[in-house]
Amino acid sequence: IIGELGLPYGFLGELAIFLSFGPLMTLGSIFAMSSSTIELFSDQFYMAILLGIPHGLLTTNILYINQYPDTVSDASTGKNHLIVTFGKKNARWGYLVILSAAFISSISLIPYLETYLTSFNKNIFLIGNIVLFAYGFYAFINLYKNYDKRELIHSNLKTIYLQIFYGLFSVIIFNLFFI
């Protein structure tokens, strides 16, 4: 079906990483930590899925950018991921799309967080998202300039660090009971 739709098979890896390290992981974590049963399709169920979307997208970008160095060898062996499918130069924009989607989904959480977290601070959340997006955008600028050079490693590292920083930011922002 995927081939018939004209979609590249390569997106399946990104999709699997997004789901596994995003919505499914947060859903599983909440199920494991909950002292009561979480009903399927309840508010808590949807909140767990929504919380995982930014994390899943940021993790997907780690996979995405790490495919650049191996593109030539991957293409020669038939491993046609998105970078091979679109070409290194055109695929640069995919990184920015995924990065932007991560932070749009994060900011879209504000109404839910205001409803469910009594100590939620919208201003700190917005500032943190803006700073982290700027850091990710800096990685994108380096990717844009150096997609075919060894200096791409700096974007790879920044992408990994961004995921770490966003995770730490999430832990802190969801536990601001002291402010």
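Two rings of Phe, Tyr or Trp form an aromatic pair if their centres lie within 6.5 Å. The legends below apply this term and others to a predicted model.

Figure 1. The predicted model contains ten helices and zero strands. Read along the sequence, its pattern is α-α-α-α-α-α-α-α-α-α. The C-alpha trace spans about 50 × 35 × 25 Å along its principal axes. Of the 179 residues in the protein, 40% are buried. Contacts between residues at least 6 apart in sequence were also examined, and 69% of these join residues at least 24 apart.

**Figure 2. The surface and the charged side chains of the protein.** The protein exposes about 10,200 Å², and carbon and sulfur atoms supply 68% of that area. There are 9 positive and 9 negative side chains. The centres of these two sets lie 16 Å apart.

**Figure 3. Tyr-64 and Tyr-68 form an aromatic pair.** The structure holds 15 aromatic pairs.

**Figure 4. Phe-137 and Phe-140 form a tilted pair.** The two ring centres lie 5.7 Å apart. The planes are at 40°, so the pair counts as tilted. Phe-137 and Phe-140 both belong to helix H9, which covers residues 122–146. They are three residues apart, about one turn of the helix. Is each of these residues buried or partly exposed? Phe-137 is partly exposed, because its relative accessible area is 32%, a value between the cut-offs of 20% and 50%. Phe-140 is buried, because its relative accessibility is 4%, which is under 20%.

**Figure 5. An aromatic cluster includes Phe-137 and Phe-140.** The cluster is formed by Trp-93, Tyr-95, Phe-103, Phe-120, Phe-125, Phe-133, Phe-137, Phe-140, Tyr-144, Tyr-166 and Phe-169. One of its members, Tyr-144, has a charged residue over its ring: Arg-92 lies over the face of Tyr-144, at 3.9 Å from the ring centre.

**Figure 6. Leu-96 is in contact with Phe-137 and Phe-140.** Leu-96 is located in helix H7, which covers residues 88–107. Its relative accessible area is 16%, so Leu-96 counts as buried. When neighbours within four places in sequence are left aside, Leu-96 is in contact with Phe-137 and Phe-140. How far apart are the C-alpha atoms of Leu-96 and Ile-38? They are separated by 35 Å, and the two residues are 58 residues apart along the chain.

**Figure 7. Gly-56 is a buried residue in a helix.** Gly-56 is found in helix H4, which covers residues 43–66. Its relative accessibility is 0%, and Gly-56 therefore counts as buried. Which residues does Gly-56 touch, not counting residues up to four places away in sequence? They are Phe-18, Phe-21 and Gly-22. The C-alpha atoms of Gly-56 and Pro-23 are separated by 6.8 Å, although these residues are 33 residues apart along the chain.

**Figure 8. Ile-172 is an exposed residue in helix H10.** Helix H10, in which Ile-172 has its place, covers residues 153–173. Ile-172 counts as exposed because its relative accessible area is 51%, and the cut-off for this class is over 50%. Ile-172 and Phe-125 are 47 residues apart along the chain, and their C-alpha atoms are separated by 9.9 Å.

**Figure 9. Gly-87 lies in the loop between helices H6 and H7.** Helix H6, on one side of this loop, covers residues 82–86. Gly-87 is partly exposed, because its relative accessible area is 25%. From C-alpha to C-alpha, Gly-87 and Ile-98 are 17 Å apart in space. In sequence, Gly-87 and Ile-98 are eleven residues apart.

Terms used. Residues are numbered from 1 along each chain as its sequence is written. This is a predicted model: local features need pLDDT of at least 70, side-chain atom pairs count only at pLDDT 80 or more; totals for chains, interfaces and linings use all residues. Side-chain values use heavy atoms; hydrogens and water are left out. Helices (H or I, at least four residues) and strands (E, at least two) are DSSP runs, numbered from the N terminus. Buried means under 20% relative accessible area, exposed over 50%, partly exposed in between (1.4 Å probe, protein chains only). Contact means heavy atoms within 4.5 Å. Accessible areas come from the Shrake-Rupley method with a 1.4 Å probe; for residues, only the protein chains shown count as cover. Lys and Arg count as positive and Asp and Glu as negative; His and the chain ends are not counted. The place of a charge is taken as NZ of Lys, CZ of Arg, CG of Asp or CD of Glu. Rings of Phe, Tyr and Trp (its six-membered ring) pair if their centres lie within 6.5 Å; planes under 30 degrees apart count as stacked, over 60 as edge-to-face and the rest as tilted. A charge sits over a ring if NZ of Lys or CZ of Arg is within 6 Å of the ring centre and within 35 degrees of the ring normal.
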